[in-house]
Amino acid sequence: MTLRLKFLSLLALPAAVLAGSAAAQSVPVAALPVAPVPAPAAPSASSAADLRLHTDWAWTARYRDANLADAAGTARPRIVLMGDSITQGWYDLDRAFFTPGRIGRGIGGQTTSQMLLRFRQDVIDLKPQVVQIMAGTNDIAGNTGPMTDEQVQGNFRSMVEMAQAHGIRVILASIPPADQFPWRPGLDTGPRIQRLNAWLKSYAASTGSVYADYWTAMKGTGLGAREGLTSDHVHPTLAGYEVMNKVAEAAFRQALALPAPNRLASARVP
């Protein structure tokens, strides 16, 4: 083939390509295949919980409306019970224990890190005379990630310091006995509960706080609770809360008999 013929054939090629392209463009849009778009799935309970954890990790909105009502209340003495599911279940199962002036601020599954974040609004802003802090079970379980004893102790220290800086007497509750956590199978819970309770008792004495020994009152022959006092080795039954009530009443009386801590000057600033 001469050079001239090769050149003419190259000129004809784009025309053929363009003709094919035009033919493709002439196909009606309705005839082109369209992938179906799936309908959005309804949010599951777990995804809703995940969304809350990402937007309100400490669940500071949980008692927002109740705090407005309780802050305006006149019942005295005012005692706030800050805690996790054991404190929440106390209010749910034994409402009669929460006489006027006793305020439950328990949230199931929470660790000391989460309680520390909501401590101001759920305790300090209510201006109680006494706060009982019951926590640690979910720290041991690692609900919000691994926690060393020193980290757990640091969160307790911060809550006690905040309370006392605002003239609030403190009750440090022992972690109740549990020889296993059903949501963390295989975890050796008993010895670590004992170790943290020994620290809580010592720290309470060194800070002029009251130590409420629920562990001893509820413990069975091993490191778990007595038969019938819990529903799952962790969460008290009504019978369990009846045992706890006696310890709590004595701790409340002891705490209310103490002089109120001196409020720090910085805590008196409006």
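In what order do the strands of the open sheet stand, and is their pairing parallel or antiparallel? The views below belong to a predicted model, in which local features need pLDDT of at least 70 and side-chain atom pairs count only at pLDDT 80 or more, while totals for chains, interfaces and linings use all residues. Residues are numbered from 1 along each chain as its sequence is written, and side-chain values use heavy atoms, with hydrogens and water left out.

**View 1. The open sheet of five strands.** The strand order is β2-β1-β3-β4-β5, and the pairing is parallel. Helices (H or I, at least four residues) and strands (E, at least two) are DSSP runs, numbered from the N terminus; two strands pair if DSSP finds at least two bridges between them. β2 (102-106) and β5 (210-212) are the edge strands, each pairing on one side only. From one strand to the next, the twist averages 20°. Strands of a sheet pair through backbone hydrogen bonds, either parallel or antiparallel.

**View 2. Strands β1 and β2 with helix α4.** β1 (residues 79-83) pairs with β2 in the parallel sense over five bridges, and R102 in β2 is the bridge partner of I79. Helix α4 (residues 85-93) lies across β1, β2 and β3 (130-134) and runs at about 130° to β1. Such axes are lines fitted to C-alpha atoms, for helices over the stretch in contact (heavy atoms within 4.5 Å); angles run from 0 to 180 degrees between N-to-C directions. Together, β1, α4 and β2 make a right-handed β-α-β unit; a crossover is right-handed if, with the strands pointing away from the viewer, the path from the first strand over the helix to the second runs clockwise.

View 3. Buried means under 20% relative accessible area, exposed over 50%, and partly exposed in between (1.4 Å probe, protein chains only).

**View 4. Strand β4 and its partners.** β4 (residues 169-173) is largely enclosed by the rest of the structure, because five of its five residues are buried. One side holds R169, I171 and A173, and the other holds V170 and L172. β3 and β4 pair in the parallel sense over four bridges, with R169 in β4 as the bridge partner of V130. β4 and β5 pair in the parallel sense over three bridges, and L172 stands opposite Y211 in β5. β4, α8 and β5 make a right-handed β-α-β unit.

**View 5. The packing of α7 and α8.** Helix α7 (residues 149-165) and helix α8 (residues 190-207) pack at an angle of about 30°, with their axes 11 Å apart. The two helices are therefore roughly parallel to each other (angles under 35 degrees count as roughly parallel, over 145 as roughly antiparallel, 65 to 115 as roughly perpendicular and the rest as oblique). Residues making the contact include F156 and V160 of α7 and W199 and Y203 of α8.
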